[in-house]
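User: Could you take a close look at a single helix for me? I'd like to know how its faces differ and what sits around it.

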Amino acid sequence: MIELTIDNKPIEIAEGRTLLEACRENGIHVPTLCYHPALKPYGACRLCVVELVFKDAEACLVPACTYPCKDGLAVRTNSKAVKKNRRLTLELLLASAYETPEIFTLAEELGVEEIRFKLHQADSCILCGLCVRACSEIVGKEAISITGRGMSKEVSPPFKVASSTCIGCGTCVLICPTGIINLEDVYSRRIEHVFSSDDEPILCKLCGESSAGPYAIQPPEPPLEILSEDTLKNSDELYRR
Amino acid sequence: MHDNVIEIGQFLDRESEGEGSLITALENIQSRFHYLPPEALIMASEKLGVPLSQAYAVATFYQAFSLKPRGRHSVCVCMGTACHVRGSAHVLNRLETELGVKSGETTRDRFFSLNTVNCLGACALGPIILADNEYSGHMTPQKADMLIRRIQRNEERKL
Amino acid sequence: MTRLDFPEDIFLLEEFQDEEFDSRYPCITICGGTGCRVNGSEGVAEAFRNELKEKGLQANVNFELKVTGCHGFCEQGPLVVIRPQRIMYTQVSVKDVPEIVGKTIIEGQIVDRLLYRNPQSNEKIEHEYEVPFYKFQHRVVLDLNGLIDPLEIDEYISAGGYEAVEKVLTEMTTSQVIDTLMESGLRGRGGAGFPTAVKWGLCQKQPGDKKYIICNADEGDPGAYMDRSIMEGNPHRVLEGMIIGAYAIGAQKGYVYIRNEYPLAVKHLRQAIEQAEEYGYLGKNILNSGFDLTVSIKLGSGAFVCGEETALIASIEGRIGEPRPRPPYPAESGLWGKPTNINNVKTWACVPIIINRGAEWFASVGTQSSKGTMIFSLVGNVCNTGLVEVPMGISLRELIFEIGGGIPNNKAFKAAQIGGPSGGCIPAEHLDVKIDYESLKSLGAIMGSGGLVIADEDVCMVDFARYFMAFTQQESCGKCVPCRVGTYAMLKTLEDICDGRGKPGDIEYLIELGEEIKKSSLCGLGQTAPNPILSTIQYFRDEYEAHIFKKTCPAKVCKGLITYSVDQEKCTGCMVCARNCAAEAINGEKNKPHIINPELCTRCGMCASVCKFEAILVT
């Protein structure tokens, strides 16, 4: 067992766990955007930064979702330095996500007062990578990836055309925190390919007729119920990796 | 087109040692065709056991790869620090005006591709232009002009 | 001068070199580094071969000729040094060759006009070792660069090459190797300066029998080419270091990750690997020790971020070069999840030297915290552009003015940028700083990989910072928010300032952004990207303020804040500028003074570069 303190509270936790997991298990709130308990931590949004305090070295910020728990660590999850940094990260996210209600709400909670830098084009994709990672780790299809580099990064299927690997399961839609991927997009792309696909079209178990009607495709095993929204939210136990 | 596909297949077969050979294979294909045809990525994905989405991500991440055919003549301006303090920005500016394209683009007639490159490491000779694997040092906007004209003249002579 | 503190070493080096390589007949060494090649040194070498043949002289009977790696004094290339006297000829062209052969090789006379002229004393200098540029250096890692043919393993062996491998594999245990490195105090030369022995030790302790070593030759800092020159000029030394390191750590496979923009270095390295394999220094059961090692080359594909360890690893794995969270560090879990040790080219190159000359000797050079020598590429507005190797602890002033020869055209020194796009600038008031890891850090700069760019009074520090930010921003992998969006925000703000759109509060915004980006970025690229801006604001805040509040660029560089005009008195009306203006912004008739239309003028500077009468004014 590892012993450390978080916000002056002594915590005991098994080896091999991250600071974020330690916080969540002890009811300490740390905001996240790119973290999901069903997926390997990615460390992209930097929102979950917490401060490590040392006796004889400068304090530093580390991302809680990837930093491993170690004996004797002294962690502060809500210090001035942490709050300032999170505020700035949110402000930077708002540079493109200024029309995204979810990000706006989060920003308000964290005390962002003004957006000093704005891009011309609003874009709700915050490049958290959840869709790509879900498609890879949960569904196993790797139909989409993050392409490009730097500010030209975008989530896209290969060659920006409908992917023949996509099975239309809708996991990316469910997991997206800003809702920029919508179900129609997924299915409308899929429909184009059904005619050249060898897959037997069947009714989608989860949503029945409401989405793509007779053109829904057989989702993969394990059964679709695991991918339902509620289950995803409460899946800490199910998906510990 | 069919011949190209065979050749691409040969490149890939050489690299199918499995792990990590995707980038080496793509580098060879890029070198041979001056761009990555879509067939190359699809075949690489199949032969090397790499998801197509990963191959595409790699092709769009690294600057060495181009999904669009590059111009017959590549003109690269070194934007290293040493060249910068010696005025490489002026040289680039001149070329952009003269060729009518921005850095990273190819002229309409696919004759020239203009690019910048980060430090060729010949800093004593800055500003440097690398045109078709030939280095030209101590460039000025005027000399850059002359270089372009020389390349054009040489092409005309060949015809 | 620090070098005089070790007089035994000066003679040791010269004696050693002269003994092995000289005295029977002249040896003509021609610099074959990329810089000199661009300037035509290959043609010069060919001309020598032809001329010597024509004169009836025979190789290895009357003379020796070799094309070596970079000699270092790039400003004066193509360089030809004739041993044993080490007569140095500068800026040699093909047409100079007959005279050199006739006068120097055959008659033993000096060709005066090709000698280096010291601008300070106005004297001509005959011998390479008397030239201030070389005299005040302490060439240890670069010692063989101008001496051996990098394509001949035998020459490296004659110079003592692979002796360290033999000693290590036959006499030393892995722990002894690491202890030796620890005693030497060697710190990583890639930029971070982490103690190499500690890094090796961490990797060695990891369980498992599959481990990797990697040589990071993805030298991406613009203006830096030390690693390239070592790879071009003496690749065997790097391999030797890697063999020793692999043995100490327990790795059987090594990779050299090298930029694809370095074709000559790649070629020389490939050959070196082949030759080392032929001679049994690489492969199975090296020198009958039971230790195996193979080394392969992996080319970079144009991503500066791949100089970061975890991004480099991702690239070798065939993925995009996105850094991974650390911990776990590569020493624990690196390439394909196995323990991996990555070191910079210069670090690997130091290893055989430490084994051969002893940890104590290495630790006797340098300062308390930073041992050994450091190689810098001294570039920019400096007289003697080139590669210099100096002991740690030398002052910046000595480096720039004694070795570098000061600033050309009588301009004033303004700042030295150390550490490339991750570094900071040192202004004139700190010229006496002793160069080592800690002292540079305290001034807001970093040692970095050794790129040292000198800026004179005509450089606009805001534009300078903008240049670095544009570079870093373009190279950001884009994974984490602070770096991807933050560097973009900083760049746009800087561009606004340079273009005259700066507003009050911009400087404070840049500082705030910079500090937070440094704290929460995922990798070293983002964590150091704001350094050039923070550092230029610290030392040159007045320039920023002039741009923002007075809408002027004091150095007359920023296009949006300057005007090009024609000096009506000096203009002769020759129309050359008008003909060359791509924007057709110059009006004028023959023999009448011209006028530049400021609305059309793009400030490209073409007119100023073609005008023979200095009649173009920039205000």
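Predicted model: local features only at pLDDT ≥ 70, side-chain atom pairs only at ≥ 80, totals over all residues.

Analyst: Let's start with the inside face. In α3(C), the buried residues are C:Ser41, C:Val44, C:Ala45, C:Ala47, C:Phe48 and C:Leu52, where buried takes 20 or more other C-beta atoms within 10 Å of a residue's own, exposed takes 12 or fewer, and partly exposed is in between, with C-beta atoms placed from the backbone. They sit on the same side of α3(C) because they cover an arc of only 160° around the axis, the arc being that of the directions from the helix axis to the C-beta atoms. An α-helix has 3.6 residues a turn, so residues three or four places apart point the same way.

Residues are numbered from 1 along each chain as its sequence is written, with chains lettered from A and ligands numbered from 1 in the order in which they are written.

As for neighbours, the buried residues of α3(C) pack against β1 (27-31), α2 (34-38), β2 (64-68), β3 (80-83) and α4 (97-106) of chain C; contact here has C-beta atoms, placed from the backbone, within 7 Å. Helices (H or I, at least four residues) and strands (E, at least two) are DSSP runs, numbered from the N terminus.

Helix α3 of chain C (residues 41-54) has 14 residues and spans 20 Å from first C-alpha to last, close to the 20 Å expected at 1.5 Å a residue, counting one less than its number of residues. Just after α3(C), C:Gly56 adopts a positive phi of about 80°.

Technical notes: Contact = placed C-beta atoms within 7 Å.
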